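My entries follow in the order I made them.

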Amino acid sequence: GGVREPRGVQTSFVDGIEISPRLTPVAQPHTHTHTTHTRLTEEKRATTNDTRTTMNLEKEDVPRDLKGNAFDLPVDTEHKAKKIKLLSFARPHMRAFHLSWMSFFVSFLSTFAAAPMIPVIRNNLDLTKPELGNAGIAAVTGTIFCRIAMGVVCDTFGPRYGHAFLMLGTAPAVFGMALADGSISFLLCRFFIGFSLATFVATQFWSSVMFNGKIVGTANATTAGWGNLGGGVTQFLMPVIYTGLLAYGPPFQAWRMAYFVPGSCQMLLGMVILFFAQDLPDGQYRECIKAGEMAKPNSLKIFLQGVKNYRMWCMVLTYGFCFGVELTMNNIISPYLFDQFDLNIEIAGALGSLFGLMNLFARSLGGLASDLTAQKYGMRGRLWALWIMQTLEGGLCIVLGRLYTTLPGTLVCMIMFSLTVQMAEGASYGVVPYISKRALGICSGFIGAGGNAGSTIAQAIFFKGAYSTQDGITYMGVMIVCVTLLVIP
């Protein structure tokens, strides 16, 4: 006999003590709470892991260079910037943008520093008109071969070394101008200083590898235009520096001391580019080659690929009569105004600077027009834009030469002429990046050299004494119109 348990209920014994399940209210609620807490903890951990995974995926989706740095600007699949942020100096895109135009600007400042001070320099060194003409030609001739070589340097070593080498390498010639004592030393200094104009090739190369094809025309035009601006700034800046230095010495010493300003700028900028800039969006040339991002360049193969392209040679000729014309005008405009209209050196320099100052926006307008027409008509649109602008340039050049009796008419026409010259330059380098992608440096070098060659030809034919300056300007306009027929699509 014993007590009969209810059906379905079992009695358990712990240490010999009988325990009924009804008297054990603790175990199951505690187990349920523990299980719920564990489940919530696991869900929280899973949610945290999912969040971290999502964050990592988002982090991986952000374009980065070889060192893992994110880009400041939106970029395409090649990490080329898709917009221009003028107020930014961020590495790599906008830093390359600003340093390239600054380098080109200073090269113009140095190369054409003599032009507005010619009335003083020619008296000091007893220079004749042919000797001044030869020195002006030397200033733009030396860089012809240097620009071609710079194309090879950019393709092989990168644009950073190109800029730094020219800035630092030509600075001694700028300082050496202070020691010039005759026509030969004056000519040689101008010849070697002119090498610095090859920074143009590195500038255009740098913009082309940093910016997307939809804005490359605008980027190229703006960097080159702001660089060309140095040719205008030097027309009024050097006379101002010269006038200020008269307080510390006589005129024949003041113009020599003035050259220390552009020389010092070259030294400073060369060091900044060498140590604080970057060749490509992903890194330096050697880093990209080492990482396998780009093949090691074959200089000879690239060179031959470029020179065999007939389109490049057409652009060499036409660029000779837009950029070449600008170089020519930078050499002659201030002396022309000084002699033709009997102005003093400061006024002639200030008025002459108006020609170069249009680079502040005009060349960018040419590049922008090239990009806009390309969106609707493709490459044919770029070529038509170039032909129209450069033909207008030739027509205005003819008119400018015929207005030699009126200063107001000359100045108005000169400004309009300058606008078309620089817009044609911008439109030209809207075309250049599409001639040959692999031989971009070679094409940029040869076409840039064509600009200097055009200036050499124009000055040798029209401005060495065979014609009056006004007639030379008119005949140069006729040649511009004729040569530009080459780009009609």
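Entry one. I started with Lys80, which counts as buried because its relative accessibility is 17%, under the 20% limit. The model is predicted, so I kept to local features with pLDDT of at least 70. I then looked for a partner of Lys80 and found a salt bridge with Glu78, with 3.9 Å between the closest N and O atoms. Glu78 is partly exposed, at 40% relative accessibility.

Entry two. I searched the whole structure for such pairs and got eight salt bridges. One of interest to me joins the side chains of Glu287 and Lys67, at 3.8 Å from N to O. Glu287 sits in helix α11 (residues 285–290), while Lys67 is in the loop between α1 (27–61) and α2 (93–111). I noted that the two are 220 residues apart, so this pair links distant parts of the chain. I also looked up the cover on each partner. Lys67 is exposed, with 61% relative accessibility, whereas Glu287 is partly exposed at 24%.

I went on to Asp471 and Arg402, which form a salt bridge with their closest N and O atoms 2.6 Å apart. Asp471 belongs to helix α20 (residues 469–484) and Arg402 to helix α17 (residues 379–402), so the pair ties together parts 69 residues apart in sequence. For Asp471 I read 26% relative accessibility, which makes it partly exposed. Arg402 is partly exposed as well, at 41%.

I turned to Ile193, a residue of helix α6 (residues 183–193). Is Ile193 buried or exposed? I put it down as buried, because its relative accessibility is 2%. Next I listed its contacts, leaving aside neighbours within four places in sequence: Ser110, Thr111, Ala173, Val174, Met177 and Tyr259. I also checked Ile193 against Gly263, which is 70 residues away along the chain; their C-alpha atoms are separated by 9.9 Å.

Leu372 counts as partly exposed, because its relative accessibility is 49%. A patch residue needs over 30% relative accessible area, and Leu372 has 49%.

Technical notes: Residues numbered from 1 in each chain as written. Predicted model: local features only at pLDDT ≥ 70, side-chain atom pairs only at ≥ 80, totals over all residues. Heavy atoms only, no water. Buried < 20%, exposed > 50% of the residue type's maximum accessible area, 1.4 Å probe, protein only. Salt bridge = Lys/Arg side-chain N within 4 Å of Asp/Glu carboxyl O. Helix = DSSP H or I, 4+ residues; strand = E, 2+ residues; numbered from the N terminus. Contact = heavy atoms within 4.5 Å.
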